[in-house]
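Please study the structure before reading each solution.

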Number of protein chains: 2
Amino acid sequence: MATFVSVRGPRASGRTERRHAVRCLCIPRAPDFVPPSSHWLSLPDRGVTAPLGFLASGAAAGLRSSSDRPDLALVFCPDGAVAAAGVFTQNLVCAAPVTYSKEVLGKPGNTVSAVLINAGQANAATGSLGWQDAIDSAAELSKCLGIPADEALLQSTGVIGQRIKVEDMFGAIPKVVEDLSDTDAAAKDCATAITTTDLVYKSTAIQVEIDGRVVTLGGMCKGSGMIHPNMATMLGVVTCDVDIDNKLWQNMLKEATDESFNQISVDGDTSTNDTVVALASGKAGNSKIADETSSEAKLLQRALTALCQGLCKMIAWDGEGANVLMEVIVEGADSREDARKIARSISSSSLAKSAIFGQDPNWGRIACAAGYAGPKFDVNSLDIALGETKLMEKGQPLPFDAEAASAYLKAQIDVRGVVQIHVKVGEGHGAGVAWGCDLSYDYVKINAEYTT
Amino acid sequence: MATFVSVRGPRASGRTERRHAVRCLCIPRAPDFVPPSSHWLSLPDRGVTAPLGFLASGAAAGLRSSSDRPDLALVFCPDGAVAAAGVFTQNLVCAAPVTYSKEVLGKPGNTVSAVLINAGQANAATGSLGWQDAIDSAAELSKCLGIPADEALLQSTGVIGQRIKVEDMFGAIPKVVEDLSDTDAAAKDCATAITTTDLVYKSTAIQVEIDGRVVTLGGMCKGSGMIHPNMATMLGVVTCDVDIDNKLWQNMLKEATDESFNQISVDGDTSTNDTVVALASGKAGNSKIADETSSEAKLLQRALTALCQGLCKMIAWDGEGANVLMEVIVEGADSREDARKIARSISSSSLAKSAIFGQDPNWGRIACAAGYAGPKFDVNSLDIALGETKLMEKGQPLPFDAEAASAYLKAQIDVRGVVQIHVKVGEGHGAGVAWGCDLSYDYVKINAEYTT
């Protein structure tokens, strides 16, 4: 099980706050990941500019209808990335920037050096005109940066069906190019510019020693809906200064995403714009990692997964209307994928989420969500615990102190903490974790009032 | 597309009401179902006692913790059913009464003559003790009715993980047996006794002329959660006086359920107790129907499907916190199952449901939910309309009057009407309909406060 290192919670600036409590964002610290010559570094105020070889910026382009906070973000790797990877929504109705970025990454031997991200409009379900907007955006950026157009990746977030305000965007592209910097402030501006209903910007970085060199990974993401990714979008950008083979980097991002971002959304409920991209600058000075079975590759994988888990937990914590993080740990399944599925099913159950909001230890809803998750298991092997309180063992309900269990939920909600649900479904080796949040009145309020 | 016949909405008696507006429940009237020598009869005040050969009752056994309204229901076919069928939850964590009823129906040549239903406790996730409670309940009923124990089906609804209060139930079984009657009042008592957070009892009946005889179908159901079936349970009981082959009757119930009850729940999100059973008394005097390709079988199938659709729409209309019925009609898919899946995906999208509650014609969320439904389609063939307003055509968003579209939503909400969403995904022959409701603050309130 993960332990946590408390980290100061950054706040998105210049925006209307939905609530006032200061929240604590955490970076997970995997206890089994303490390699002899290395250790975790928590760099809470840093982000995509932490690794060597990256610049970032964020500026207000006037794309948001209701706020003047930054809404255009740029991440730049001036010397070009040695490896670039991306994972994208499986939704058939995918946004123009998704299709565009897939094409850029799909070109054999192509170098990637920039990621341009806008908030305000999702540029999804915008037909052929939206597609042209994506092409024009990349062309405009390439002109200002002095790079080929096919070196830029695109991400958009906002209202589905709305085209980007391209004139406003084009007017601001010179500004984000001019503001590019490797400072922490630039990383913060960049992470702030991609937020939508997020209460906090989400940015972090970690370091790991590989091959005698310090390798740094930075990341930012946005998203604050939990039943479905918010506003049609979960976006993430990971930067790293490692030198690595391009194909291996893609596989690593896929693995890290499966263990993190894919465990905070309902299975199949990927939205039109969901995207995580990862660029490696190769500036750390390590020998290029090309063998996936090497200890260096395994170490990097753990660091990348941990970074992504830290980011994805920030999203769950910042779920629309959320008061508490739900962490569902499933063990004893036949396979890792089975465990992940069961964990996702529980963490996305509206009934279970509502019960947590109501401080109601209604564990039957947890058993129910495990039962319809899909994977087969023996119900006579089912154990369920809420925090430290065992509620079911070997399929038999246990007598428990309902007041104490309710008090546990209340205590975690009061500190915006973590509600842990442990589920064991058998004696198999499959284990998985998923994250969610409670379902509150505010979720409905936020989503009922979004476009109008 | 279905047209509607307005029917007076019955109300569950003796309970705290969640809201005050009188609602209109409707029975669908399929325009293509007007056989030459027959017609639909709407019998809004009738239910499971409408067909010949059935008695029913409902009584207060003290099983509910917070109310003294009826909570124990009995349906009885004194001469034994000529055909008995059931469809059950796919949830691994299924309730003891589900397992018990499956066993009863699975015995070759076994006659079924009774259905005993309790509200208050779901008897799910109750381990071996809960299983024994189910066996004891059937034994107690058989003693009072003077029938073999394996002639009774069981259904339970209420809190998962709680055992039935068997002493209270056994005390009330003589009463429900004594009260058995073929009156409309008895059908109403019976339908009321199975409700939980339902605002209205759900009961209806229709007639169709088959083989020169009037065949009557009656039904009742309960359930009022829409994201997941409420309180772990959607229950339904169908009675009919037709004479029919047992296996054919089972197939017909499966088909009717696929077109109705299975279209109001999220795919795979079946709860621990979901059950629909159907008994046929054979008293109508028709020649036994045994050929599924006969016109009689087809006529009966249509009537049975329509009855189940009428009942399932009552559930959607009465969704927890619901203000309006969502009807999602999907056409042009490659298959009927594809169309159903896409319709279900849209009708169960929390974002789309929240938008309707907010009177927000945010059609991008409809496109998004279609895109992640699973079935493949060409996004350049996607048409979307909200009521009479076209929003997207051939994958291109159309300019539309947002105020008028919002006014349509408001108007339907004001009269507790129907919000219709039409989606066309291509030129295929697959069509399907799904029903849902808006997602309001009250949904969260109801589910956050349920057990405590």
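**Exercise 1.** Which side chain of opposite charge is nearest to A:Arg64, and how many Å away is it?

**Solution.** The model is predicted, so local features need pLDDT of at least 70, side-chain atom pairs count only at pLDDT 80 or more, and totals for chains, interfaces and linings use all residues. Residues are numbered from 1 along each chain as its sequence is written, chains are lettered from A and ligands numbered from 1 in the order in which they are written, and side-chain values use heavy atoms, without hydrogens and water.

Step 1. Locate A:Arg64: the loop between β4 (55–59) and β5 (72–76) of chain A holds this residue. Strands are DSSP runs of E of at least two residues, and helices are runs of H or I of at least four, numbered from the N terminus.

Step 2. The nearest side chain of opposite charge is A:Asp71, 4.7 Å away. Lys and Arg count as positive, Asp and Glu as negative; His and the chain ends are not counted.

Step 3. A salt bridge needs a side-chain nitrogen of Lys or Arg within 4 Å of a carboxyl oxygen of Asp or Glu. A:Arg64 is buried and has no salt bridge. Buried means under 20% relative accessible area, exposed over 50%, and partly exposed in between (1.4 Å probe, protein chains only).

**Exercise 2.** Is A:Tyr100 buried or exposed?

**Solution.** A:Tyr100 counts as buried because its relative accessibility is 10%. A:Trp131, at 27% relative accessibility, counts as partly exposed.
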